[in-house]
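Thanks for coming. I will go through one model this morning, beginning with the ligand and ending with a few single residues.

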Amino acid sequence: MSLINLPLKKNQQFDVKYYFDGIQNKDLTILSKAITLLESIKAEHQLIAEELIELCLPFSGNSLRIGTTGVPGVGKSTFIEAFGKFLIETEHKKIAVLAIDPSSTKSKGSILGDKTRMNFLSTSPNAFVRPSPSAGTLGGVAKATRESIILCEAFGFDTIIIETVGVGQSETEVNSMVDFFLLLMLAGAGDELQGIKRGIMEMADAIVINKTDIENANRVKLAQQHYINALHLFPANENGWIPKVESCSAINTSGIPAVWKIITQYKEQTYNNGCFDKKRKQQAKYWLSETINSSVLAMFYNNPTIKLLLQKIEKDVVDGKTSPFKAAKILLDHYKK
Ligand code: GDP
């Protein structure tokens with residue numbers, strides 16, 4: 001049975017105990033349903049989801065959270081499949097793969113949607129693959145992913161991989177929920193051609209050049225040196241970690257153990273200097289403020305009086321009758337009342 005995209009049946013409502021027991025009993029179908037619940041925008045689903053997260057929270061936090069990004073076609077899915085398989089078979093890990101895809105909020109397409117690219121992980125009892133929800137705002141998708149991490153950890157997954165398309169804003173969101181951030185690149189094209197923004201490179205804890213099986217070895221070496229130089233130009237990381245550059249072939253799996261070695265080194269180093277925990281605490285603070293910000297905004301914009309007034313005031317602003325600043329003040333004053 002497919003474990004992804006399991007919709008809640010119409011009118012089917014379970015209580016929080018059903019989901020919590022399912023997660024504790026390691027029932028993948030119930031985990032999948034619980035994530036569907038997190039993604040739901042219905043108020044009654046949100047209420048159960050909130051309660052479920054509170055229940056799962058004490059059992060969460062024990063995984064290594066890895067973000068992977070790179071432009072479409074660089075080989076993210078193939079890499080995650082090979083990397084996950086290696087971790088399961090060699091390191092006896094339990095892997096959950098979650099995806100954030102900003103484009104899916106518009107196009108309804110979704111990364112990881114094509115499960116054939118992750119044959120092993122989609123059928124392994126030690127893995128769970130969940131595509132990006134195909135509706136909602138980026139903020140909403142990111143929130144659901146962040147909450148899914150908690151459920152997956154409570155379930156017992158010890159390695160969480162978050163996949164995102166390396167072209168936009170979603171990387172900041174991913175970076176705010178992972179311990180380690182990995183950027184996949186190709187040797188052939190320049191960074192600009194690969195559509196990778198400086199800011200994304202700056203976030204990377206490792207750059208991995210993929211597809212070495214079809215690339216000239218000298219070009220791979222040159223590219224590696226290029227990225228080492230590029231990373232040196234960024235300010236030093238607060239946690240003392242110097243981002244590494246590695247190469248691999250996701251298809252023939254060469255270089256995959258070396259990538260894992262880098263991640264374990266990172267974990268060891270940041271554990272020892274306290275930065276691992278510090279980053280998680282900063283991320284928790286970030287999510288607190290993010291959640292407050294989005295909730296306050298939603299309350300404001302969903303207020304019936306504001307909705308009506310906004311329509312009128314917007315027109316006045318567009319027509320040049322009122323300044324945007326004055327208009328905002330009027331609206332906020334109304335809201336405060
Ligand atoms: P994504 O869009 O970044 O998830 O990329 P995919 O994993 O779907 O890979 C895009 C294409 O590149 C597919 O045809 C893969 O088979 C191919 N590919 C991925 N990794 C490698 C690799 O290491 N070597 C070669 N030769 N092809 C690869």
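Let me start with a definition: I call a residue near a molecule if one of its heavy atoms lies within 4 Å of that molecule. Before I use it, two remarks on the source. This is a predicted model, in which local features need pLDDT of at least 70 and side-chain atom pairs count only at pLDDT 80 or more, while totals for chains, interfaces and linings use all residues. Residues are numbered from 1 along each chain as its sequence is written, and side-chain values use heavy atoms, with hydrogens and water left out.

Now the ligand. There are 16 residues around the ligand, and those that come nearest are Gly-73, Lys-76, Thr-78, Arg-117 and Asp-213. Helix α4, residues 76-91, gives the largest share of that shell, with 3 residues.

Asp-213 has a polar side-chain atom 2.7 Å from a nitrogen atom of the ligand. A polar backbone atom of Ala-250 is 2.8 Å from an oxygen atom of the ligand. For Asn-210, an N or O atom in the side chain is 3.2 Å from a ligand oxygen atom. On its own the ligand has 570 Å² of accessible area, and the protein covers 75% of that. Such areas come from the Shrake-Rupley method with a 1.4 Å probe, and for residues only the protein chains shown count as cover.

On to the chain as a whole. Its secondary structure comes to 14 helices and 7 strands. Of its 337 residues, 47% count as buried, where buried means under 20% relative accessible area, exposed over 50%, and partly exposed in between, with a 1.4 Å probe and protein chains only. The chain exposes about 17100 Å², and carbon and sulfur atoms supply 58% of that area. If we take contacts between residues at least 6 apart in sequence, 76% join residues at least 24 apart; contact means heavy atoms within 4.5 Å.

Back to α4 for a moment. Its buried residues include Lys-76, Phe-79, Phe-83 and Leu-87, and Lys-76 is also one of the residues that come nearest to the ligand. Just after α4, His-92 takes a positive phi of about 55°.

Which face of helix α3 is buried, and what does that face pack against? Helix α3, residues 43-56, has 14 residues and reaches 20 Å from its first C-alpha to its last, close to the expected 20 Å, that is, 1.5 Å times one less than its number of residues. His-45, Ile-48, Ala-49, Leu-52, Ile-53 and Cys-56 are its buried residues. Down the axis of α3 they fall within an arc of 140°, so they line one face of the helix; the arc is that of the directions from the helix axis to the C-beta atoms. In general, an α-helix has 3.6 residues a turn, so residues three or four places apart point the same way. The buried residues of α3 pack against α1 (16-24), α2 (28-39) and α7 (138-155). Turned away from the buried side, the other face of α3 carries exposed Ala-43, Leu-47 and Glu-54.

Now backbone angles. Most residues other than glycine have a negative phi. Lys-26, in the loop between α1 and α2, has a positive phi of about 55°. Lys-211, in the loop between β6 (206-210) and α10, has a positive phi of about 70°. Lys-211 is partly exposed, at 29% relative accessible area.

Finally, three buried positions. Ala-223 lies in helix α10, residues 217-232, and counts as buried at 9% relative accessibility. Leaving aside neighbours within four places in sequence, Ala-223 is in contact with Ala-187 and Ile-209. Phe-128, in strand β3 (127-130), is buried with a relative accessible area of 0%. Its C-alpha is 6.1 Å from that of Val-97, 31 residues apart in sequence. Thr-322 sits in the loop between α13 (304-318) and α14 (324-336), and at 19% relative accessibility Thr-322 counts as buried.

Technical notes. Helices (H or I, at least four residues) and strands (E, at least two) are DSSP runs, numbered from the N terminus. A polar contact is a pair of N or O atoms within 3.5 Å; within protein, one must be able to donate a hydrogen and the other to accept it, and residues adjacent in sequence count only if both atoms are side-chain atoms.
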